[in-house]
Amino acid sequence: VEKVMPADTFYFSIVRDPVALAESSFAYYKEVAPAFRKAKGLGEFVDDPKRFYEPRLRNNHYARNLLWFDFGLDHNANFSLALAQLGEDMIRRTFNMILVSEYFDQSMILLRHALCWPLDAVVAFSLNARQQKPSSTGGVGESWVGKAAAAAGVGIRGGHVQAKLPPNLSLTEEQREKLRQWNAFDWYLYKAFNKTFWKEIDKFGRTQMEKEVNLLRMRREDLARVCLRDGGKPVEAHQIRDKNIRPFQSGLVKILGYELQSGLDNVTRKLCVRMIRPEIQYKDVLDSKQFPQAHAIQAQQQRLIVAVGGTFLKQDPPWKGKKEMGGEVGGRTLEEGMKDWDSSLLNRNNQTMVREHDKRRLR
């Protein structure tokens, strides 16, 4: 990222309590991480993690020191205070600000002031909330961070398809402490950056922080009344009529989303959709903005296929076979005359990728 971003780029990240993160990971990645797949519940995994955990197996990074892993560090290393401090120092040198998931509103206030953003820039609805109980009236465990997709599991019994039950996430206080020990690097980071976070709030002013958090929450409530049906209560995906805002279902838990109010004018609807669009659909929107030419060609091809009554077979991407002008960005071949994200024309001199000895490397 640093190789393609300006030198004065502001980097920020977020940490989450390792116990809450483990509960979330187990719920979302139960069928993806081999270490989780073998355990009946999170408690059973925590009681003897080494019985289930094999560090070399793909996707087992979800099962241990996931924060440490996401910061690019060796999450399977043996814990030592010296190594933990080295990791912390590296993160502090790289990132201008580390936020805390459990204090998301306070985090957004600090972030908006650091970046000189208006309040509306950090108003957000909770996305990717998971339903914690089977019934539609069950409680919601909120997560403000995007989740990658995982296959949903089903079982066959007596000729009938049965959905697997949501994983058991209940833990005793002793098991929660075991989780902190198992994720020792994450726990160290969380404590260190939580301490720094509250120092930043003291510097900002606790009274001022309380005032701005209240304003943020009032604005969120106002927008929820305008944008969302049922007062902004999250609903199951099948209840959302517009598939463009229907969250992808991940793992064995139901991922909840929002249903828009009816009768919104175009401007208001655009604002509301932007706030509740799931990350997979948002990625497609950003894709079309970054590569409008390729997106338009692909859409035209799909329309032609439908027009002639064809089926959606695997198609070569619309940029395949085009003349290369200095390499590829995001897997797409660039052409003379194409525009970059900031509307500047792409040319040989401002490509972010070049070929050297038939291998792609960042300039």
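Me: How many disulfides are there by the distance rule?
Reply: The count comes to one disulfide, a disulfide being a pair of cysteine sulfur atoms within 2.5 Å. Keep in mind that this is a predicted model, where local features need pLDDT of at least 70, side-chain atom pairs count only at pLDDT 80 or more, and totals for chains, interfaces and linings use all residues. Residues are numbered from 1 along each chain as its sequence is written, and side-chain values use heavy atoms, with hydrogens and water left out.

Me: Which cysteines does the disulfide join?
Reply: Cys 227 and Cys 272, with S to S at 2.0 Å. Cys 227 lies in helix α10 (residues 206-227) and Cys 272 in helix α11 (residues 266-276), so the bond ties together parts that are 45 residues apart in sequence. Helices (H or I, at least four residues) and strands (E, at least two) are DSSP runs, numbered from the N terminus.

Me: Left-handed or right-handed?
Reply: Left-handed, because the torsion about the S-S bond of Cys 227 and Cys 272 is about -70°.

Me: Are Cys 227 and Cys 272 buried or exposed?
Reply: Both Cys 227 and Cys 272 are buried. Buried means under 20% relative accessible area, exposed over 50%, and partly exposed in between (1.4 Å probe, protein chains only).

Me: And what about Cys 116?
Reply: Cys 116 counts as exposed, at 70% relative accessibility. Its place is the loop between α7 (104-114) and β3 (130-131). Cys 116 also has a positive phi of about 55°, although it is not a glycine.

Me: Where is Asn 59, and what is its phi?
Reply: Asn 59 sits in the loop between α4 and α5 (66-70). Its phi is near 75°, a positive value in a residue other than glycine. Asn 59 is partly exposed, with a relative accessible area of 22%.

Me: Switching to helix α8. Which of its residues are buried?
Reply: In α8 (residues 173-182), they are Gln 175, Leu 179, Arg 180 and Trp 182. Seen down the axis of α8, these buried residues fall within an arc of 165°, so they line one face of the helix. The arc is that of the directions from the helix axis to the C-beta atoms.

Me: What is on the other side of α8?
Reply: Glu 173, Glu 174 and Gln 181, which are exposed.

Me: What do the buried residues of α8 pack against?
Reply: They pack against α1 (18-29), α3 (42-47), α4 (49-52) and α9 (184-204). Contact here means heavy atoms within 4.5 Å.

Me: Phe 204 is in which helix?
Reply: Phe 204 is in helix α9. Phe 204 is partly exposed, with a relative accessible area of 24%. Leaving aside neighbours within four places in sequence, Phe 204 is in contact with Ile 109, Leu 110, His 113, Met 209 and Glu 212.

Me: How many residues apart are Phe 204 and His 113 in sequence, and what about in space?
Reply: They are 91 residues apart in sequence and 9.5 Å apart in space, C-alpha to C-alpha.

Me: On to the strands. How many bridges join β1 to β2?
Reply: Four bridges join β1 (residues 12-15) to β2, and the two run parallel. Two strands pair if DSSP finds at least two bridges between them. Ser 13 stands opposite Ile 98 in β2.

Me: Which way do the β2 side chains point?
Reply: In β2 (residues 97-100), Met 97 and Leu 99 point one way, Ile 98 and Val 100 the other, and all are buried. In a regular strand the side chains alternate between the two faces of the sheet.

Me: Overall, how many helices and strands are there?
Reply: The protein has 13 helices and ten strands. Buried residues make up 41% of its 363 residues.

Me: What is the mean pLDDT?
Reply: The mean is 76, and 66% of the residues reach 70 or more. pLDDT is the predictor's confidence in each residue, from 0 to 100.

Me: Where does pLDDT stay under 50?
Reply: One stretch is residues 338-344, for which the model has eleven contacts beyond four places in sequence. Another is residues 346-363, with 42 such contacts.
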